[in-house]
Amino acid sequence: MNPMTKSLFTGGGIVLILILLAAMPFYAKPYSVISLTNILMYIILTVSWVIFSGSTRYISLASAAFFGSGIYTSALLGKTLPLPAVVVAGGLTSFILAFFIGLLTLRLRGMYFIIFTFSVSELIRHSLLWWEANVMGTVGRWVVMVDHTTIYHIILTIFVITMLTAYLVRRSRFGLALRSIGEQEEAAIHIGIDATILKTLTFAISASFMGAVGAIMATKWTYIDPRIAFDPHISFMPVLMAIFGGTAKLYGPVFGAAIFAYLEEILTTKFPYYYMLLFGIILIVVILFLPNGLLGLVQKWWKGGFRRQNANP
Amino acid sequence: MRILEGRKVTKHFGGLAALHQVDFDINQGEVAGLIGPNGAGKTTLFNLISGFLPITEGEIIYRGKKISGLRPNQICHKGVARTFQSTKLFVGMTVFENVMAASLFGTIRAVSLTEAEREAMELLEYVGLSSAATTLAKDLPVANQKRLEVARALATKPELLMFDEVMAGLNPVEVAESMDLVARIRRKGITVFMIEHVMKAIMGVCDRIIVLHHGSKIAEGTPEEIASSPKVIEIYLGE
């Protein structure tokens with residue numbers, strides 16, 4: 001098969017899958033649509049996390065901050081603006097927040113960056129809680145409810161835009177620049193790459209998807225408070241899902257997130273008391289035996305067998 | 001004509017004066033060497049020129065304009081490129097991608113992807129690495145890693161190229177090849193400023209040599225003058 005027909009096939013396949021996904025509420029059970037919404041949420045969070053952290057290797061634990069900002073934007077603007085505008089506003093809020101966090105923290109590296117991003121996220125959560133308890137007098141808010149089909153379609157739209165962005169960034173010169181920063185930042189700035197601007201912008205773009213998905217998920221939960229909106233769980237999940245799937249190819253984090261989210265759903269319903277334990281075991285096995293995630297496993301198998309192939313592993 | 005000048009260049013690390021009021025000039029088109037014992041401040045001087053470290057006092061002037069205070073990416077865009085003492089390659093990327101990234105971002109002028117690809121291939125050919133284009137940089141032997149750093153620096157289209165011990169750790173044959181590469185680069189019209197410990201190489205390719213010792217410039221002259229300077233012999237061989 002020549003590359004032209006091959007890409008035609010891939011393109012056709014993707015369009016077909018998207019049509020099937022978009023039509024899902026018309027033929028599938030509501031439960032499947034709701035659980036797929038949940039899975040898509042995790043995929044978007046993971047893929048957008050990988051856009052920045054996968055290439056630059058700055059491990060961000062601020063996802064909850066951006067997701068939560070989207071949720072709060074939705075709670076504040078949900079009654080006054082139409083739904084698509086609310087989602088865009090959620091993305092924009094997180095973009096601006098990430099831009100400033102980026103300017104502040106992206107000079108830190110390694111462990112310091114990880115801890116700082118996590119702390120910022122926690123700081124926002126506790127400040128908001130304090131504000132609501134002491135200034136507003138009430139903790140938590142109601143969000144305008146939206147039906148499941150609409151939520152699903154909006155999530156699917158965000159998913160498509162996120163995937164498209166991730167794909168284009170990966171293929172473009174900016175993807176190459178981001179990888180250079182991840183490999184050797186000092187060398188990258190010495191060959192003319194403006195690392196500060198590039199990192200800050202990419203961080204903000206990646207955060208905007210998290211904000212948008214937060215804004216729409218808020219309408220599903222209807223009641224939110226700072227503990228729900230800025231749950232640190234959301235900061236860790238994209239990292240774990242990306243590790244689980246592998247980040248070398250675009251589909252790695254997609255399958256990682258999908259399988260992980262599905263697993264979470266199954267385990268919580270089947271083993272409500274042990275699911276965290278089982279989860280932990282699965283993760284440890286993946287980290288120990290599959291350093292390149294599921295993707296690494298598939299690639300190894302694809303290349304033919306699990307024999308060690310060269311002298312310099 | 002001077003391409004680069006340093007005026008009272010000083011760098012302090014806390015209480016330690018790594019460089020103290022060093023004045024130097026590099027002329028357009030020449031190959032200038034920078035030598036000195038370990039800890040003399042050679043790499044620190046390169047780091048100040050490339051903008052990697054902030055200068056404590058003094059100024060560095062490139063083509064009549066002050067560049068000290070600019071960031072490395074801005075200095076690169078002005079036409080100053082460098083290699084690193086311990087190579088800083090993008091090890092997880094292919095040899096080709098290493099050079100390609102520099103072609104794309106090394107100049108202020110926007111370079112198209114096809115143009116950058118062509119340039120990268122040409123440069124790999126130029127340094128003799130075209131057969132390794134698809135190899136990951138980390139899988140290259142040391143001599144080729146050093147060559148790749150040179151190719152990557154050349155891809156930013158510099159007018160002044162700084163080599164920080166580009167021959168260290170090479171065998172005699174590789175040193176000869178490397179000297180030939182320096183000569184070819186100079187014939188392209190690129191000014192070269194190089195730190196080197198391999199004396200045969202530095203005496204063979206340099207027009208002029210600057211000697212640093214304990215952060216100060218103690219001698220400057222042609223290779224013959226430096227080789228016969230009692231002061232230089234004293235710091236290298238002891239009294």
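Me: What percentage of the 313 residues of chain A count as buried?

Reply: The model is a predicted one. In chain A, 43% of the 313 residues count as buried. A residue is called buried if 20 or more other C-beta atoms lie within 10 Å of its own. For chain B, the share is 46% of 239 residues.

Me: How do you know that chain B is as compact as a globular protein of its length?

Reply: Use the rule again. The radius of gyration of chain B is 18 Å, close to the 18 Å that the globule rule gives for 239 residues, so chain B is as compact as a globular protein of that length. Chain B has nine helices and ten strands. The box for its C-alpha atoms is roughly 55 × 40 × 35 Å.

Me: Why are helix 3 and helix 10 of chain A called roughly antiparallel?

Reply: Look at the angle. Helix 3 (residues 30-56) and helix 10 (residues 195-221) of chain A pack at about 170 degrees. Angles over 145 degrees count as roughly antiparallel. Helix 3 and helix 10 of chain A are therefore roughly antiparallel to each other. Their axes are 9 Å apart.

Me: Which residues make the contact between helix 3 and helix 10 of chain A?

Reply: Helix 3 of chain A gives residues including A:Met41, A:Leu45, A:Trp49 and A:Phe52. Helix 10 of chain A gives residues including A:Phe203, A:Phe209, A:Met210 and A:Met217. The residues of this contact divide into twelve nonpolar, four polar and one charged.

Me: Why does B:Leu34 count as buried?

Reply: Count its neighbours. B:Leu34 has 26 C-beta neighbours inside 10 Å. The cut-off for buried is 20 or more. B:Leu34 therefore counts as buried. B:Leu34 sits in strand 3 of chain B. Leaving aside neighbours within four places in sequence, its contacts include B:Lys42, B:Leu45, B:Phe193 and B:Ile210.

Me: What makes helix 1 of chain B largely enclosed by the rest of the structure?

Reply: Seven of the eight residues of helix 1 (residues 42-49) of chain B are buried, so helix 1 is largely enclosed by the rest of the structure. Among the buried ones are B:Lys42, B:Leu45, B:Phe46 and B:Ile49. Just after helix 1 of chain B, B:Gly51 takes a positive phi of about 85 degrees.

Me: Why are strand 6 and strand 10 of chain B called edge strands?

Reply: Start with the order. Chain B has an open sheet of six strands, in the order 6-7-8-3-9-10, with mixed pairing. Strand 6 (80-82) and strand 10 (216-221) of chain B each pair on one side only, and they are the edge strands. The twist averages 20 degrees from one strand to the next.

Me: How do you know that strand 9 and strand 10 of chain B pair?

Reply: Count the bridges. Two strands pair if there are at least two bridges between them. Strand 9 (residues 208-213) and strand 10 of chain B have five, in the antiparallel sense. B:Val211 has B:Ala219 as its bridge partner. B:Ile209 has B:Gly221. This hairpin has two residues between the strands, and B:His214 takes a positive phi near 50 degrees there.

Me: How many bridges join strand 3 of chain B to strand 9 of chain B?

Reply: Four bridges join them, and these two strands run parallel. B:Ala32 stands opposite B:Arg208 in strand 9 of chain B.

Me: How many residues of chain A are in contact with chain B?

Reply: 16 residues of chain A are in contact with 26 residues of chain B. Helix 8 of chain A gives the most to the chain A side, with six residues. The residues on that side divide into six nonpolar, five polar and five charged.

Notes
Residues are numbered from 1 along each chain as its sequence is written. Chains are lettered from A and ligands numbered from 1 in the order in which they are written. This is a predicted model: local features need pLDDT of at least 70, side-chain atom pairs count only at pLDDT 80 or more; totals for chains, interfaces and linings use all residues. Axes are lines fitted to C-alpha atoms, for helices over the stretch in contact, and angles run from 0 to 180 degrees between N-to-C directions. Angles under 35 degrees count as roughly parallel, over 145 as roughly antiparallel, 65 to 115 as roughly perpendicular and the rest as oblique. Two residues are in contact if their C-beta atoms, placed from the backbone, lie within 7 Å. Ala, Val, Leu, Ile, Met, Phe, Trp, Tyr, Cys and Pro count as nonpolar, Asp, Glu, Lys and Arg as charged, and the others, Gly among them, as polar. A residue is buried if 20 or more other C-beta atoms lie within 10 Å of its own, exposed if 12 or fewer, and partly exposed in between; C-beta atoms are placed from the backbone. The radius of gyration is taken over C-alpha atoms; the globule rule is 2.2 Å times the number of residues to the power 0.38.
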